[in-house]
Amino acid sequence: MSMIDVIIGKIVPHDCLGCGIEGSLLCFGCSAALPSFPSRCYRCHKPSVDRLTCCGCLSSGLARVAVATTYASTAKNLIWKLKLSGVQAAATTMAKSMAPLIAGLDTIIVPVPTATSRMRQRGYDQAKLLARELSRLTRLPYLDCLGRSGQMHQHGLSRAERLSQLRAAYRVKRPAMVDGANILLVDTL
């Protein structure tokens with residue numbers, strides 16, 4: 001978040017997305033009231049320890065998927081504020097909810113790059129903002145090492161179309177820096 005956003009936030013504070021009280025984008029009470037997501041395999045949804053992928057689903061290549069809350073109501077509104085309304089403070093609010101899930105992991109935080117046209121439109125890359133804030137809060141290393149192979153947009157596409165596009169959408173710009181590393185990909189849907 002830029003210094004200008006911090007100053008504006010002090011002069012004209014946000015209203016809480018949950019209850020409307022002035023002071024922050026998500027007040028302490030509404031933040032605590034976000035529904036928690038149980039520890040389970042991301043793929044088959046069987047209960048698991050520490051959000052690990054179960055043995056039957058490990059072929060996906062993902063060892064663990066951590067989810068801070070369900071994508072509904074206040075949380076969904078928070079993401080849309082970050083993506084579509086220029087509310088960069090939402091990245092800090094989101095990172096505070098996510099940080100406890102990843103603190104202490106041996107991993108590199110890597111943002112999934114946003115399409116250039118979307119960055120020009122918004123004035124920032126929301127995934128990078130979120131990834132940097134997660135890195136700051138957890139002290140885990142941040143590495144901007146992915147590049148887009150094209151400028152395809154996924155908004156409005158079906159799940160099958162989005163998955164098809166993803167197969168060749170990104171490339172690793174610095175493969176030696178991530179070889180053998182645990183990577184936490186940060187994206188905002």
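Okay, threonine 107: you'll find this one in the loop between α4 and β1, with β1 covering 108–111. Keep in mind that we're looking at a predicted model. Relative accessibility for threonine 107 comes out at 9%, so it counts as buried, the cut-off being under 20%.

What does the side chain of threonine 107 reach? For one, the backbone oxygen of asparagine 182, at 2.9 Å. Then there's the backbone nitrogen of leucine 184, which lies 3.2 Å from a polar atom of that threonine 107 side chain. If you leave aside neighbours within four places in sequence, threonine 107 is in contact with Leu140, Pro141, Asn182, Ile183 and Leu184.

Next up, leucine 143, which sits in the loop between α6 and β2, residues 146–148. Buried or exposed? Leucine 143 has 10% relative accessibility, so buried. Not counting residues up to four places away in sequence, leucine 143 touches Ile108, Ile109, Val110 and Pro111, plus Arg174, Met177 and Val178.

Now the helices. α4 runs over residues 89–102 and α6 over 126–138, and their axes come within 9 Å, crossing at roughly 50°. That makes them oblique to each other, and the crossing is right-handed. Who meets whom? On the α4 side we have Ala91, Thr92, Met94, Ala95, Lys96, Met98, Ala99 and Ile102, and on the α6 side Leu129, Leu130, Glu133, Leu134, Leu137 and Thr138. Sort the residues of that contact by type and you get 10 nonpolar, two polar and two charged.

Methods:
Residues are numbered from 1 along each chain as its sequence is written. This is a predicted model: local features need pLDDT of at least 70, side-chain atom pairs count only at pLDDT 80 or more; totals for chains, interfaces and linings use all residues. Side-chain values use heavy atoms; hydrogens and water are left out. Axes are lines fitted to C-alpha atoms, for helices over the stretch in contact, and angles run from 0 to 180 degrees between N-to-C directions. Helices (H or I, at least four residues) and strands (E, at least two) are DSSP runs, numbered from the N terminus. Angles under 35 degrees count as roughly parallel, over 145 as roughly antiparallel, 65 to 115 as roughly perpendicular and the rest as oblique. A crossing is left-handed if the near helix is turned anticlockwise from the far one by less than a right angle, and right-handed if clockwise. Contact means heavy atoms within 4.5 Å. Ala, Val, Leu, Ile, Met, Phe, Trp, Tyr, Cys and Pro count as nonpolar, Asp, Glu, Lys and Arg as charged, and the others, Gly among them, as polar. Buried means under 20% relative accessible area, exposed over 50%, partly exposed in between (1.4 Å probe, protein chains only). A polar contact is a pair of N or O atoms within 3.5 Å; within protein, one must be able to donate a hydrogen and the other to accept it, and residues adjacent in sequence count only if both atoms are side-chain atoms.
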